[in-house]
Amino acid sequence: MEFSSKLLEKAVNEMAQLPGIGKRTALRLVLHLLKQPSEQTHFLSNALTIMREEIKFCVSCHNISDVEVCEICKNAKRNHKIICVVEDIRDVMAIENTNQFKGIYHVLGGKISPIDGVGPSQLNINSLVEKVKLGEVDELIFALSSTMEGDTTNFYIFKQIKDFDVMTSTIARGIAVGDELEYADEVTLGRSILNRVPFENSIKNL
């Protein structure tokens with residue numbers, strides 16, 4: 001792709017670093033910004049800069065937040081004894097959109113994946129296990145995607161807390177094997193949460 005401007009080329013190359021954005025799409029986005037009033041681009045760049053510098057991770061659940069403790073964890077109307085274990089913020093958003101879950105969350109920040117060099121120590125697992133050890137949890141709901149990495153992560157956590165007095169369950173397989181939660185429709189995901197099954201049932205054949 002030939003560019004008549006080095007500044008344009010640099011902007012396109014940076015935009016193309018975003019997931020799912022190829023060079024042609026990046027060029028279209030950059031040209032769109034050039035057509036907008038200059039303040040519109042400043043608003044965008046300023047919003048991104050402030051987000052990057054000021055955003056926080058909840059000290060309790062590791063969810064993205066503007067403050068030390070996120071709004072979900074601060075909500076006294078939520079059941080703090082039921083924790084839904086998810087991979088990242090997108091899963092929290094997907095489940096919240098169903099309006100079916102009234103507990104709180106624990107964001108792992110990924111899944112165990114040896115092939116990608118991601119081990120348990122690189123995820124927010126220890127803080128979850130500590131909550132269980134302190135008797136703060138009645139039920140853990142595993143809501144990771146039904147992939148090999150998701151199942152491996154679920155099983156690893158289960159082994160860490162199986163000797164403690166806590167119920168473990170997993171979302172019902174209304175979500176197709178291999179699917180990510182963020183792409184599930186709200187009705188299917190909501191039913192999967194409500195119709196969750198004991199985790200032990202899901203590992204009988206392992």
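Helix α1 (residues 6-15) packs against helix α2 (residues 23-35) at an angle of about 120°, and their axes lie 8 Å apart. Helices here are DSSP runs of H or I with at least four residues, numbered from the N terminus. Axes are lines fitted to C-alpha atoms over the stretch in contact, with angles from 0 to 180 degrees between N-to-C directions. The angle therefore makes α1 oblique to α2, a class left after under 35 degrees (roughly parallel), over 145 (roughly antiparallel) and 65 to 115 (roughly perpendicular). The model is predicted: local features need pLDDT of at least 70, side-chain atom pairs count only at pLDDT 80 or more, and totals for chains, interfaces and linings use all residues. Residues are numbered from 1 along each chain as its sequence is written, and side-chain values use heavy atoms, without hydrogens and water.

In α1, Leu 8, Ala 11, Val 12, Asn 13 and Met 15 meet residues of α2, including Lys 23, Ala 26, Leu 27 and Val 30. Contact means heavy atoms within 4.5 Å.

The largest nonpolar core has 38 residues. Such a core joins buried Ala, Val, Leu, Ile, Met, Phe, Trp, Tyr and Cys residues through side-chain atoms within 4.5 Å; buried means under 20% relative accessible area with a 1.4 Å probe, protein chains only. Cys 84, Val 86, Ile 95, Phe 101, Tyr 105, Leu 140 and Ile 157 touch the most other members. Strand β3 (strands are E runs of at least two residues) supplies the largest share, five residues. Apart from this core lies another, of six residues, among them Phe 3, Leu 8, Ala 26 and Val 30.

Notes:
Buried < 20%, exposed > 50% of the residue type's maximum accessible area, 1.4 Å probe, protein only.
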